[in-house]
Amino acid sequence: MAAAKKQTDKTATTGFVFDKDLFKRSVLYNIRTLYRKTLEEATPQQVFQAVAYAVKDAVVDNWLESQKQFEKQDPKTVYYMSMEFLMGRALGNNIINLKAYQSVKEGLDELGVDLDVVEDQEPDAALGNGGLGRLAACFLDSLATLGYAAYGCGIRYKYGMFKQEIRDGYQVEVPDNWLVDGNPFELRRPEYAKIVKFGGWVDVTPDETGRNHFHQEGYQSVKAIPYDLPVVGYGNGVVNTLRIWDAEPVECFQLDSFDKGDYQKAVEQENLARNIVEVLYPNDNHYAGKELRLKQQYFFISASVQEAVEKYLRKHDDIRKFHEKVTFQLNDTHPTVATAELMRILMDEYYLTWDEAWEVTTKTCAYTNHTIMSEALEKWPIELFSRLLPRVYQIVEEINRRFVAEIERRYPGDHEKIRKMAIIYDGQVKMAHLAIACSYSVNGVARLHTEILKKQELRDFYEMMPDKFNNKTNGITQRRFLLHGNPLLADWVTAHVGDDWITNLPKINKLKVYADDEKAQQEFMNIKYQNKVRLAKYILEHNGIEVDPRSIFDVQVKRLHEYKRQLLNILHVMYLYNCLKDNPDMDFYPRTFIFGAKAAAGYYNAKMTIKLINSVADVINSDTSIGGKLKVVFIENYRVSNAELIFAAADVSEQISTASKEASGTGNMKFMLNGAITLGTMDGANVEIVEEVGEENAVIFGLSSDEVIRYENNGGYDPTEIFNNDPDIRRVLMQLINGTYAPDDPDRFRTLYNSLLNTLSTSRADTYFILKDFKPYAEAQKKIEQYYRDEALWARKAILNVACAGKFTSDRTIQQYVDEIWHLDKVKMPKR
């Protein structure tokens, strides 16, 4: 982690100095008092724990000071509410943002301990899965670094989504027991526990003034216990808080029920609490899974909103001004129940009228939409929602009644508008509609995505309330994905343009002048080669596959979904393999295709795509006749810590989603920052990446979003025509069902074949236009090879990608949220 060596260990803004000698003493003390061992006797995990607790001591000093300043200055605070926070490992990030890396490394060296080995002992926090959760983590980093008061609010999952194991080529989901050794950076805060209620019924009693009071009766309840994790700002002394909620029974084990033989009742509350926090995104292919998901959402939202209100009232008297000091950002539809829960608390507990509560709520809540896919916009069966959250459902019903009345007033007699826009319709509660109706801001996450929302998916809402809609193109934190993840490149960038880029990424554009410098090109390509060697070592250790660091590293790592088109990628690999087998002496630049992805546990086609990738890999990697020219690797259990290795080593960034389907993407930005060239469609943030770097420095192919939408609306695409007329494509598809990659079961990949040609269904074939884009994709891949053969040309393009990545920092995104949505004030930290 050489990059951090260039950091001073004195924080310029606050004068905070990390005491290396005190740190060393703390490590030894922690080993002795936690484990009754000497350093020499301690296991690597015990050394990690001791180091983490020593670093935490320094973090807590800044954390206390931050809270003191928040109390004193009383800044407006954003509560970022999200089902996911994909934080990655905390130790390295914390010491970098403390600007203490050099001191920590030197101190451990003096103790005979390797910091890299210590960092590898930390499990990734299993609090998220995909881009949604990683974006939330980047945003928290930027909020702290920019000096704004913020809380992240989520769930303390015991096992995360799952740990992915690959057995016989199949994804197997096993519990990700990341807390088995404890989390040294968390603080349990039982003094802020909250009670969350489920089920029962609502009693209504009028008071002497005639006002009705609502009381939930006959409910089950759980106790929400917050655990706080520090979010350290870079070099400014600010430490914000990620508050994740654990669930405990309100009453401990009921011995009287047990003694009476009612064993189920005895453990009922414990089971309820345990189930809520066990896993992220339980399989909702069945009713029980849906119920558990809704419980999870309400659990962390109710606890977070209760605490936000109570915290506000500890310092302020008038709850009607709550929105002046608090804003809730709803990260997709999962936290939308916060709108109705805030209404419930304001009316039922603080006795505001409906109109007063509505004014506060609609000035407090803001909604980020993360998907164009209409099926991903959450909808709950009325029966489930009303049974589980009876009082909240009453409030949602009234919001819907008033909203529909407003639609009727604006569009008299237009029943189609009501059908499209009502919050409750056709037996469902539509959470995106609730979020839009109750929020003062609705934003998309890339310019193209926002335009599609306005013109397609949410067109009726945009026409009715255009002022709410805005775009905030996503970003990433360069401190995690360059400074920490790619120390060699980070050092090189700093040596050439200074270190301002660490907190002001647009400054990295000064690298442009080096794009044509022969010496700089050679240095850059050597750094890339060293990073490829590092990844090749990881692949050999974890996959047992030798890959050539001199080959093109072509990488697609992201959540597995059909619209992201990992299937297009592997079908093309099969096509290349056919070419090599037909023409063993063809001029072919060696390629290593690297995949990493988790598929949702109940998503059959996605899981079979993983099996196909691994089956193709088995055949190709064991075929000595092609001389190692082609290799395929599936990296197991893709997560933040191995992503850092992957981004640094990638030559080609596969961003090949069906145009119009990807809201933004942030992996594309991480690859760009690390000098990979985008091979992609004009989808999501790819559009803006191409604008920044120039189309000549990316490789773009395929249908445009307008073309895809036209086909979807008007028809006119028949994949069987391509199948019948293109022998290369037909050959590849037939290999899915003729046993080439499944000799023991030729029908194994029949569902993937059917999804492309639709031989057994009445729905549209090739939903994501894989065959339509196949040949343009193959041509784009030829262009990649052509560019890569010219090392100077490739180096120039790669350097320009790094230099043009400045727009895509989450610091810029957060500042736009602050300026245009939240209107926060920076916290001023004292010099010490």
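This is a predicted model: local features need pLDDT of at least 70, side-chain atom pairs count only at pLDDT 80 or more; totals for chains, interfaces and linings use all residues.
User: At what angle do α9 and α10 pack?

Analyst: Two packed helices are described by the angle between their axes and the distance between the axes. Here, helix α9 (residues 268-278) meets helix α10 (residues 287-313) at about 90°, and the axes are 9 Å apart. Helices are DSSP runs of H or I with at least four residues, strands are E runs of at least two, and both are numbered from the N terminus. Axes are lines fitted to C-alpha atoms, for helices over the stretch in contact, with angles from 0 to 180 degrees between N-to-C directions. The two helices are therefore roughly perpendicular (65 to 115 degrees; under 35 is roughly parallel, over 145 roughly antiparallel, the rest oblique).

User: Which residues make that contact?

Analyst: On α9 they are L272, N275, I276 and V277, and on α10 they are L292, K295, Q296 and F299, where contact means heavy atoms within 4.5 Å. By class, that's five nonpolar, two polar and one charged. Ala, Val, Leu, Ile, Met, Phe, Trp, Tyr, Cys and Pro count as nonpolar, Asp, Glu, Lys and Arg as charged, and the others, Gly among them, as polar.

User: How many cavities of 30 Å³ or more are there?

Analyst: On a 1 Å grid over the protein atoms alone, a cavity is a set of points where a 1.4 Å probe fits but cannot get out; lining residues have an atom within 4 Å of a point. Points are joined across faces, edges and corners, and a volume is the space filled by probe spheres set on them. The count is four.

User: What lies in the second largest pocket?

Analyst: A pocket is an open set with protein on both sides within 12 Å along at least five of seven lines. This one has about 1300 Å³ of space. Of its 50 lining residues, R89, D120, Y538, S641 and L645 are the closest to its centre. Helix α22 supplies the largest share of the lining, eight residues.

User: And how many salt bridges does the structure hold?

Analyst: Side chains of opposite charge can pair when their charged atoms come close. There are 66, counting a side-chain nitrogen of Lys or Arg within 4 Å of a carboxyl oxygen of Asp or Glu. In one of them, R243 pairs with D228, the closest N and O atoms being 2.8 Å apart. R243 sits in strand β10 (residues 239-249) and D228 in strand β9, 15 residues apart.

Technical notes:
Residues are numbered from 1 along each chain as its sequence is written. Side-chain values use heavy atoms; hydrogens and water are left out.
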